[in-house]
Amino acid sequence: MSDAENTLSDVNEVDIDAIYRESAIQDVLDRLDAELVGLVPVKTRIREIAALLLVDKLRRQLDLTAGNPSMHMSFTGNPGTGKTTVAMRMADILHRLGYVRQGHLVAVTRDDLVGQYIGHTAPKTREVLKKAMGGVLFIDEAYYLYKPENERDYGAESIEILLQVMENQRDDLVVILAGYKDRMDKFFESNPGMSSRIAHHIDFPNYNPAELVQIAKLMLAESNYRMSAEAEEVFSEYVKKRMDMPNFANARSIRNALDRARLRQANRLFNSRGRMLTKVDLMTIEAEDLLKSRIFAQGTDESSRDDDE
Amino acid sequence: MITNPTGRLTQGQFSFLPDLTDEQISAQIKWALAHDWAVSIEYTDDPHPRNTYWEMFGLPMFDLKDPAAILMEVNEARKTFPNHYIRVMAFNSTRGVESPAMSFIVNRPANEPGFGLVRAEGPGREIRYSFHSYATDKPESERY
């Protein structure tokens, strides 16, 4: 008896290490930590999912029942909080843990699923589902699928097919719905079938100013730019001001702001013709590139014009 | 002979074996996808061996990555044409090859009447032989 138990526990120990290394899951999780700033609840949930799948894999090796857990998810959060980025990582993680076979991500919106006339929707939805099989289907702004004000809308048909596949072919694909929190809540309220088939409701929190500055630095580093110390201070000031304005879209607004800063930097360098430029010059974004922003010039007067800050 | 003792059509791969299960079909499709061959589904109710081009079912499936999706389409085809021959093909588009690499039947009618040998007399007691599927005596879509 004790012999049997001993061998059992031995096998156990060997397996978890082997599987862990084989899936290289730590690699993905580390990258997640390094490249995604903040998002603690999201990361925690991903870690939990990874652990569950790992343990399930182990159980299967020891012939214990491991019911295929449902992995459909909903990502809710404000614009620019990293929903698509995380979905992309999710496909990779699920693939490494052997939950999906191919690990590709198919990102769609209402237009790709819902047809324009009778009989057009079902084939269209099925086509998309087939394309996503073996991977992850990411439906952005999923609440547009359901339009309660128009009872002849074909979105409901699409939802019906989605539900059917989500239930019957769980092993074949994972569906991730994404959208703004309040609208998604309303969407789930009117589609209780959808809500109950989704195991993981993950809420993406907004970034705080410090996190946004860090994101900006990561983005700049990716494209071989950097901010001077002075510019960094100005930028954190910028972030605080920008956050109070309408149409603030977290990381997306930061990316836009940086794009404009690069534009001004290029302009500044162009106007300083006549002297030799160094590599550092080309890389560095100075405070004045940021200070020319409309936000500093006029406050929130022209706040609605997102493209001209 | 084309009509064999089991009375079943023998064209393409695996046709002397018992019908493939869905799992086995998936495994074959997986093999095809692993080689980057384009998989398609075709059906017909005219099983003459020289009837090379069957009707294509649905859209071509160049962009599908997983056998489950193609199996779903196979089942759709079976539902639509329960009494037709349905085959899965894999096309190898490598330059210089450009031909079907795989072809196997995944659905056949419940009753396969087989083929008759037709002898046509020509000048000088010459005889020309041809095959004739009994099923094609009836008009299309009423054959099985």
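**View 1. Chain B runs α-β-β-α-β-β-β-β from its N terminus on.** That order comes from 2 helices and 6 strands; helices (H or I, at least four residues) and strands (E, at least two) are DSSP runs, numbered from the N terminus. Everything here belongs to a predicted model, in which local features need pLDDT of at least 70, side-chain atom pairs count only at pLDDT 80 or more, and totals for chains, interfaces and linings use all residues. Residues are numbered from 1 along each chain as its sequence is written, while chains are lettered from A and ligands numbered from 1 in the order in which they are written.

**View 2. The C-alpha trace of chain B spans about 60 × 35 × 25 Å along its principal axes.** Of its 144 residues, 25% are buried (20 or more other C-beta atoms within 10 Å of a residue's own, with C-beta atoms placed from the backbone). Take the contacts between residues at least 6 apart in sequence: 56% of them join residues at least 24 apart. Two residues are in contact if their C-beta atoms, placed from the backbone, lie within 7 Å.

**View 3. Chain B meets chain A through 8 residues of chain B and 10 residues of chain A.** On the chain B side, 4 are nonpolar, 4 are charged and none is polar. Nonpolar means Ala, Val, Leu, Ile, Met, Phe, Trp, Tyr, Cys and Pro; charged means Asp, Glu, Lys and Arg; the others, Gly among them, are polar.

**View 4. Here is helix H7 of chain A, residues 155-168.** Its buried residues are Glu157(A), Ser158(A), Ile159(A), Leu162(A), Val165(A) and Met166(A). Covering them are elements of chain A including helix H5 (110-113), helix H6 (121-132), strand S4 (174-179) and helix H9 (192-197).

Methods. Expected span 1.5 Å × (residues − 1). Buried ≥ 20, exposed ≤ 12 C-beta atoms within 10 Å, placed from the backbone.
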